[in-house]
Amino acid sequence: MSRFFATGSDSESEESSSADEITPKAPGTNFKQSLLLSDDEEDTKRVVRSAKDKRFEELTNLIKTIRNAMKIRDMAKCLEEFEQLCRAFLKSKNIVDKEGVPPFYIRLLADLEDYLNQLWEDKEGKKKMNKNNAKALSTLRQKIRKYNRDYETEIAAYKENPQESADEEEEKEPGDSGSSSDSDAEEGEDGVSAKSFLKKKPEPSLEASKFLKSAKGSGDESSSTDDDEDEDWGSDTVDSGSESSDEGEGKRSSLALVFLKKAQESEKTSERKIVKKKKTKKKERLEEEAEEEGGEEVEGGWEKVKGGAPMVKEKPKMFAKGTEINTTVVVKKLNEILQARGKKGTDRAAQIELFHALAAIATENNLGQGIMVKIKFNIIASLYDYNPNLAAFMKPDMWKKCLECIDELLDILFEHNNIFIGENIAEDSENLAVSDQPFRVRGCILTLVERMDEEFTKIMQNTDPHSQEYVDNLKDEGRVCGIIDRLLNYMENKGSTEEICRIYLRRIMHTYYKFDYKAHRRSLGLQGESKSEQDQEESEGEDSAVIMDRLCKFIYAKDRTDRIRTCAILCHIYHHALHSRWYQARDLMLMSHLQDNIQHADPPVQILYNRTMVQLGICAFRQGMIKDAHNALLDIQSSGRAKELLGQGLLMRNMQERNAEQEKIEKRRQVPFHMHINLELLECVYLVSAMLLEIPYMAAHEFDARRRMISKQFHHQLRVGERQPLLGPPESMREHVVAASKAMKMGDWRTCHSFIINEKMNSKVWDLFPETQRVREMLVRKIQEESLRTYLFTYSSVYDSISMQTLSEMFELEIPTVHSIISKMIINEELMASLDQPTQTVVMHRTEPTSLQNMALQLAEKLGSLVENNERVFDLKQGIYGGYFNRDQKGGYQQKQSYQRDQKGGYQQKQGGYQGGYQRDQKGGYQQRQGGYQDGYQRDQKGGYQQKQGGYQGGYQGGYQGGYQGGYQRGGYRNQNQSNY
């Protein structure tokens, strides 16, 4: 018999000898060697357990673990194994440097990156992940992106032609396995099959497409091949294990049996592949059905279109078959659904669907309107609860459903007068069944409508105001106002006084900021251009002013809460001011005394107050009340935070001043964009008002050291304009006002007018007013009048007299107007002049001090304050407190001896200037005696100011022994020559 068919004693001895060299190893590792070895190394003699085999075996096991974790979406496991894989690859650096990066490693990096990218884009999938997996996904995605930068060329080459790289590896596999009998022997001994080491067929986004259930064919193929290979791995190990056991028993008589077994195995594996393909197709079909169900639950999501007949999804069964549907059963089912409300894991969309299904069942079985109202209440409440976050706003489809449900609920309430609803009705006393008694349902329709109004505000706050979407959302305000009006009519019949006040305030809040153009046209006597417009105006209801008056007066009389009444008053004032009813708005503000205690109100009311004051100031400006306009706008504009105070945006601040939570709260208080007040218009009105007040005042008190500022912001803008090294034509609104101010300071009213009223300023500011032309005419008039006053203040010292006719021509004002302005200035003692009626001239009086005298006056005042400060410092050093004013027994401060110190102290004031200055006489008045300013500026009998006895006699000419001569005799500053100051 041939040695080939013998029992193989030699092979047994060979096995025993090789067993000493071979160390135990895990199944499924040997075959990798045949794939990874180059052609040169195949011919050379290799050691069975080389370092290369060990390292690549370790890498292969880790890669398999990662792929298993990818299948079950265990990101935490993926991250942990990937870190181990990186460390193992680092250990294999020497081998990799010699052999090159193994293809299976590059393949894993590419597949893992694609898989993570697709997971990251799957928003719904990310929401369903737990916290650990979501965190691990983010970390792993960053690590893999960073790690793959070192292998960009290899990954790119793999992605360009993944099929060829896989084919090359498959070509190596049969050659390596057939070239050496050692590999066959090892396969038989260790139970390792070649197929277990076959790499998965590479396709773009292989693993990711499988796990994310994409509709591509490549994903189906890859998933089926993966399952096949995993199945082959297990079956081969079982077969090879049984084979090794047969060998251990010594039953392996010939190698022919082994070859026969291989043939049988190939047949078995082909059969298994066919069965597995059927299983995987079935599994994919089930997964697609599950995905369809999940997709239908998500409102407004994308749906995958699939071929074949559509699958009809069965609705969840509410009641068991044969159950009698009555009110008690429906209420019980309703409570069951409500119990899941708010619990973790509850599907809110499914809950809403259950409520709708329950409502349909109640309607189908005619259970009455009471149970329908109860279900509608719960549907609306669940729609509000769909977004658990308070800051989140409702999605458009949910918002439409909410409006429809509230409309349906109001329809039921209007059609059936026998339904009573209220929060005070206990659940035990509800009557939902059809009977002779009226229906009684626990719930508050007013609360639902208020919440709807708040949701509408949140939608407007969170929409981009410059998009078409904002305009579309704003169209819903008509429906919101319609619902509020319907509820208002319902509450007037069935609601309490408090509820009526609440719904009235909601109606006011949607009316107060809107300008009533139709009422404005009617007040001007204008009619519609076409007959249809005239008919529409006649058919329309009452004006907004009448509605506001009726609603607000009801609240003033009936409301018991300060907040509703305060809001109503502010809205009423705002509406009056918006429609230029200045006196009504002003009187209502003064009578309400809101300015005294508004600081104790909550922030939304304070924002409303600020908006009202701003509107009041703009109204006063339109009416020509410049001083009132400036006073109303001063607080808002001087703060520099007008945007924030009006609730129209947040300023950038440090985190110390406002943390993230406070910022969220403040964002919820913001006013929607369509209710904003134009901040540029507001600032322009304020600066122009300040200019008309400040420039004449600055001209009148040019040399006054104690001159006060009327507007700090206006002065700041002037200083900014003066600091500019190069003055060009004005561009911004502020630059126009500064340029106009400089022109007015010179009395040039035409230049001032051209800077304030021009095309650029018209488009930015003045055209935004309802009565544009009237505002422009008022502005021109004010500029002319204030320029005239400024001119007289500035140049009065140049003129002996000036004709009113000349002034009238210069400033294009009527002579009576010029006469009125000059008369006021003389009466208020602003201008030292008199009017000559026959000649219509203004005669100037030389009573104003010259510039030298003004400077001397300022120096005298500064020296006086210096002396005062020195004496105070000296008193503090000597330990004497209250040197000037000693406390008398009655607790008042009495001024003694005209600031005289005793002989032991210093600075005795004797026989000189300011000697008897302002001593208190016996009658309680201040009498000026024996010294400086003796009879200066005494009023003569004719009413003019006449200077007598050489005014400033003792003040600046050594009056009575040399002014300041005796002052400071002791201790210094003595004037030895007794000369004049």
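**View 1. Arg872 and Glu868 in helix H42**. Arg872 is partly exposed, its relative accessible area being 44% (buried means under 20% relative accessible area, exposed over 50%, and partly exposed in between, with a 1.4 Å probe and protein chains only). Glu868, at 40% relative accessibility, is likewise partly exposed, and Arg872 forms a salt bridge with Glu868 in which the closest N and O atoms are 3.4 Å apart (a salt bridge being a side-chain nitrogen of Lys or Arg within 4 Å of a carboxyl oxygen of Asp or Glu). The two residues are four apart in helix H42 (residues 851-878), about one helical turn; helices (H or I, at least four residues) are DSSP runs numbered from the N terminus.

This is a predicted model in which local features need pLDDT of at least 70 and side-chain atom pairs count only at pLDDT 80 or more, while totals for chains, interfaces and linings use all residues. Residues are numbered from 1 along each chain as its sequence is written, and side-chain values use heavy atoms, with hydrogens and water left out.

**View 2. Glu683 and Arg734**. The closest N and O atoms of this salt bridge between Glu683 and Arg734 are 2.7 Å apart. Glu683 lies in helix H34 (residues 679-700) and Arg734 in helix H36 (residues 733-745), so the pair ties together parts that are 51 residues apart in sequence. Glu683 is buried at 11% relative accessibility, whereas Arg734 is partly exposed at 37%.

**View 3. A network of salt bridges**. Asp407, Asp411, Arg479 and Arg486 are linked in this network; a search of the whole structure finds 38 salt bridges.
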